[in-house]
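Here are my notes on the model, as numbered points. Please read them with the structure open.

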Amino acid sequence: MACARGLAVVAAAWLAGAAGAHAATLTIACGSNAADAQFCARYAQDWGRKNGHEVRIYSAPASATDNLALLRQQFAAKSDKLDVLTIDVVWPGVLKDHLVDLKPYSQGAESQHFPAIVANNTIGGKLLGMPWYTDAGLLFYRKDLLEKYGLALPKTWHEMAEAARRIQDGERAAGARDFHGYVFQGRAYEGLTCNALEWVASYGGGTIVDASGKVTIHNAQAARALDEAASWIGTIAPRGVLNYGEEEARGVWQNGQAAFMRNWPYAWAMSQAEDSVIRGKVGVAPLPAGDGEGARPAATLGGWQLAVSKYSRHVEAAAALVMYLTSAEIQKQRAIGGAYNPTIPALYRDPELLAANPFMGDLLDVFENAVARPATPTGLKYPAVSRAFWDATHDVLSGRVDGAAAVRRLEGRLLQTRRAKW
Ligand code: GLC
């Protein structure tokens with residue numbers, strides 16, 4: 001008996017030792033909103049259990065801007081606290097010096113993903129992030145309310161504002177005093193850059209800086225787009241929208257207090273959750289087009305990648321976790337459970353995935369044609385470009401300046417930021 005117990009102890013020690021030779025405690029910085037963090041934690045910890053590693057979760061700030069600032073602090077200190085990072089589609093050029101080349105670990109798995117995303121994550125031949133999910137701005141609308149007021153799905157921003165006004169007036173008259181026509185992301189941060197780029201591009205006003213690096217924002221259509229958006233504040237959108245991020249907009253929407261919302265796909269899964277008061281009442285459409293020459297609907301391209309910090313002490317294990325989380329199997333689960341758009345084209349033909357998220361199939365062209373922020377041409381200076389753009393936009397929305405003056409000044413500020421080259 002004593003002997004058997006002794007053997008068991010030896011066996012346990014040997015097993016622990018075997019795992020211990022490679023066992024690591026890894027920390028992954030998961031996405032910002034509650035659902036993302038929950039899914040990220042669930043699958044990362046599953047992987048840890050299966051592979052004898054401990055995975056700790058660090059919940060990144062909700063705002064992409066605050067999230068980036070924190071990462072940059074960690075990198076400046078060469079901190080080994082974070083091993084796996086969730087990085088925004090506009091960050092590879094900004095963070096390139098701090099990320100591990102994943103090519104030696106990927107065994108070519110990146111070839112299953114959208115080539116444009118892989119290209120975006122590849123700098124100087126190094127694969128700095130594995131695609132995790134992709135994003136594009138969408139118009140969420142209340143099907144039941146369009147029907148109640150006999151309105152068609154709006155195709156232009158003018159039509160959207162008109163429909164929003166009609167529904168808001170009607171709902172308020174019926175007693176819903178806090179009802180709003182339209183909610184979006186109007187706080188001065190990266191999310192506003194995404195919204196405003198959609199307005200500007202949808203008016204044919206370009207993409208702030210073009211692919212060759214030329215500053216293009218000083219044009220009449222861009223000015224019109226910003227003026228149009230300013231006209232929504234305090235009319236169809238609450239003034240508070242000037243301080244909304246994704247989750248604040250979704251909060252109002254999810255309470256059943258808005259007719260239209262601009263948001264990313266994740267909002268679908270939450271709107272349709274079993275306890276959601278708007279379950280079954282939600283439609284998803286392309287964002288409206290502007291007016292005038294070159295007008296068309298435009299969605300900003302978003303999305304997140306998983307990367308490994310150069311300062312990690314467990315690069316191999318961290319890279320293995322990244323490969324697991326970005327695999328088709330996990331992307332499918334996250335898409336079904338959380339409406340995170342996969343980065344693997346083959347999954348867009350998966351019947352289960354499409355049943356959970358009909359818009360992923362119906363609006364495939366929106367995702368394929370999404371407009372990129374000018375992160376590639378502006379490289380390390382992209383955060384400054386984006387900040388200048390969201391500041392200028394926020395000034396117009398707050399009524400401090402009109403669109404024409406804002407884009408003129410913004411051009412000056414961007415030329416100063418660029419100086420000789422980006
Ligand atoms: C979403 C997008 C990301 C964008 C951010 C802005 O998370 O995926 O690309 O920068 O929103 O708030």
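1. Helices and strands are named here from DSSP runs, a helix having at least four residues and a strand at least two, numbered from the N terminus. On that basis Ala273 sits in the loop between α12 (266-271) and β10 (282-285). The model is a predicted one.

2. Ala273 has a relative accessible area of 24%. Buried means under 20% and exposed means over 50%, so a residue in between is called partly exposed; Ala273 is therefore partly exposed.

3. Glu171 belongs to helix α8 (residues 157-173). At a relative accessible area of 12%, Glu171 is buried. Its side chain makes a polar contact of 2.8 Å with the side chain of Lys148.

4. The largest nonpolar core contains 85 residues, and Trp199, Ile217, Trp232 and Phe260 have the most contacts inside it. Helix α19 (residues 382-397) supplies the largest share of this core, seven residues. At least three residues of the core come from each of domain 1 (2-135 + 303-368) and domain 2 (138-298 + 374-418).

5. Which residues does Trp232 contact, leaving aside neighbours within four places in sequence? They are Trp157, Met160, Ala161, Tyr182, Phe184, Trp199 and Ala237. Apart from the core of 85 residues lies another, of 56 residues, including Leu102, Tyr324, Leu325 and Tyr340.

Conventions: Residues are numbered from 1 along each chain as its sequence is written. This is a predicted model: local features need pLDDT of at least 70, side-chain atom pairs count only at pLDDT 80 or more; totals for chains, interfaces and linings use all residues. Side-chain values use heavy atoms; hydrogens and water are left out. Buried means under 20% relative accessible area, exposed over 50%, partly exposed in between (1.4 Å probe, protein chains only). A polar contact is a pair of N or O atoms within 3.5 Å; within protein, one must be able to donate a hydrogen and the other to accept it, and residues adjacent in sequence count only if both atoms are side-chain atoms. A nonpolar core is a set of buried Ala, Val, Leu, Ile, Met, Phe, Trp, Tyr and Cys residues joined through side-chain atoms within 4.5 Å. Domain bounds come from an automatic or database domain assignment. Contact means heavy atoms within 4.5 Å.
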